[in-house]
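Let's take a friendly look inside a protein. Please keep the sequence and the 3D view open as you read.

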Amino acid sequence: MNQIEAIEKAKDHFAKLLEAQLLRVDQMKAGEDWVDYSKLEPIIIGVVGGDGIGPYITKEAVRVLEYVLAEEITRGKVKLQDIPGLTIEERAAAMKALPEEALLALKKCHVILKGPLTTPKKGDKWPNLESANVSMRRELDLFANVRPVKVPEKGIDWIFYRENTEGEYVLGSKGFLVTDDLAVDFKIITTPGAERIVRLAFEYAKKNGIKRVSAVTKANVIKTTDGKFLETARRVARDYPDIQFDDWFVDIMAAKLVDEKRRKDFKVIVLPNLYGDILTDEAAEFQGGVGTAGSANIGKRYAMFEAIHGSAPRMVDEGRAAYADPASMLRASVMLLRHIGFVEAANRMEMALDICGQFEKKVVLTGRSGGATGTQFADYVMETIKSPNLESRWKSYQR
Ligand code: IPM
Ligand code: MG
């Protein structure tokens, strides 16, 4: 192929991508309403165990959920439903990131609790399919990836609003080799896409009496897409005059998160997809590692709750899966409960998790056979939830 042909081919490829993205912009502009969970009966919680340690830690989260929702489940207000077909073996056999049937089953649920799913990468034993996580976020239009990180004794109380359907991710499997030597990927930011995530972040701040929202970009270098994200954030900020708005470049923000004097001042942080991916792993590390962090993927119609870490196949290979920390999935379950309106149950479970995982620490996981198992930790959490003086116990640890 000569150069002219290569460029023509690239143009055709690019044109198709643009058509799909313009369609997505139109759909976002048309908008839809947020679901009202109080009107649903039953609220169906789909459960995806995932790969590697996923089924082990998900099982513990389900046990605790069944415990705190026992009454609602008996009454028929809530139903938990297993969603099969999404393990890496099943995705590889179907040669699809999200096999048809599994997607249909997901769409029959209202919210989803999902264990980590293995993402194939070039050179491993799986076909190089798109990440099922990324695909699910896109197919269910879960545009907000909400990731809280709290370390009370260090004064850290952050909540990240990571854009979840655009950036480098949306066309991450649609890059193009123009020639063998020239690889091109695409980064997408749209006005309605940026606007909806920034607005959600500001609305959260407003509802929770938080006085500061910070945006993160690299708009000094990535001028067009990050420039649009930043410009949109500034415009939306004008609708919230009582909330301070500031913006940071991602490199210095990565540094500020380790600055003990300054980092306490950050509250709500809103950012495009890839920067959100990176900074939330960094942030979770202060809380005790990615194993302790839960994550909510919120859309108007569906929502999915998950751990922020991967499936840790090595732990399974080494026979350590039972020792995997279920805290991430338990935190994700707290977010799920709150999202569907069971605030009281969510608060109790969250207090118990703080006590068990951060303060009292009577059952400690090490990821190895010397430490506790995930099941022992979940038992400890349920016992703590049951405790009649849960709230005063929790308060005694607050400074
Ligand atoms: C996350 C994960 C995913 C992501 C991977 C598994 C595709 O790192 O949820 O942060 O990059 O979003
Ligand atoms: Mg990540």
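This report covers the core, the aromatic pairs and the inner space of a predicted model.

## The nonpolar core

The largest nonpolar core has 73 residues. Those with the most contacts inside it are Leu113, Val270, Phe305, Leu337, Phe377 and Val381. Helix 13, spanning residues 343-359, gives the most to this core, namely eight residues.

Leaving aside neighbours within four places in sequence, Leu113 is in contact with residues including Val47, Ala61, Leu65, Phe305 and Leu336.

## Rings that meet

The structure holds 10 aromatic pairs. In one of them, the rings of Trp158 and Phe286 have centres 5.9 Å apart and planes at 75°, so the pair is edge-to-face. Trp158 belongs to strand 5 (residues 156-163) and Phe286 to helix 10 (residues 273-286), so the pair ties together parts 128 residues apart in sequence. Both Trp158 and Phe286 are buried.

Tyr161 and Tyr204 form a tilted pair, with 5.7 Å from centre to centre and 45° between the planes. This pair links strand 5, which holds Tyr161, with helix 7 (residues 191-207), which holds Tyr204; the two residues are 43 apart. Tyr161 counts as buried at 5% relative accessibility, whereas Tyr204 is partly exposed at 27%. Ring pairs also join Trp158, Phe160 and Phe286 into a cluster.

## A space inside

How many cavities of 30 Å³ or more are there? The count comes to one, and the largest cavity has a volume of about 30 Å³. Its lining consists of Val134, Arg138, Asn164, Thr165, Tyr169, Val170 and Asn273. These lining residues divide into three nonpolar, three polar and one charged.

Notes: Residues numbered from 1 in each chain as written. Chains lettered and ligands numbered in written order. Predicted model: local features only at pLDDT ≥ 70, side-chain atom pairs only at ≥ 80, totals over all residues. Heavy atoms only, no water. 1 Å grid on protein atoms, 1.4 Å probe; cavity = no way out; pocket = protein on both sides within 12 Å on 5 of 7 lines; lining within 4 Å. Points joined across faces, edges and corners; volume = space filled by probe spheres on them. Nonpolar A, V, L, I, M, F, W, Y, C, P; charged D, E, K, R; others polar. Core = buried A, V, L, I, M, F, W, Y, C linked by side-chain atoms within 4.5 Å. Buried < 20%, exposed > 50% of the residue type's maximum accessible area, 1.4 Å probe, protein only. Helix = DSSP H or I, 4+ residues; strand = E, 2+ residues; numbered from the N terminus. Contact = heavy atoms within 4.5 Å. Phe/Tyr/Trp six-rings, centres within 6.5 Å; stacked < 30°, edge-to-face > 60°.
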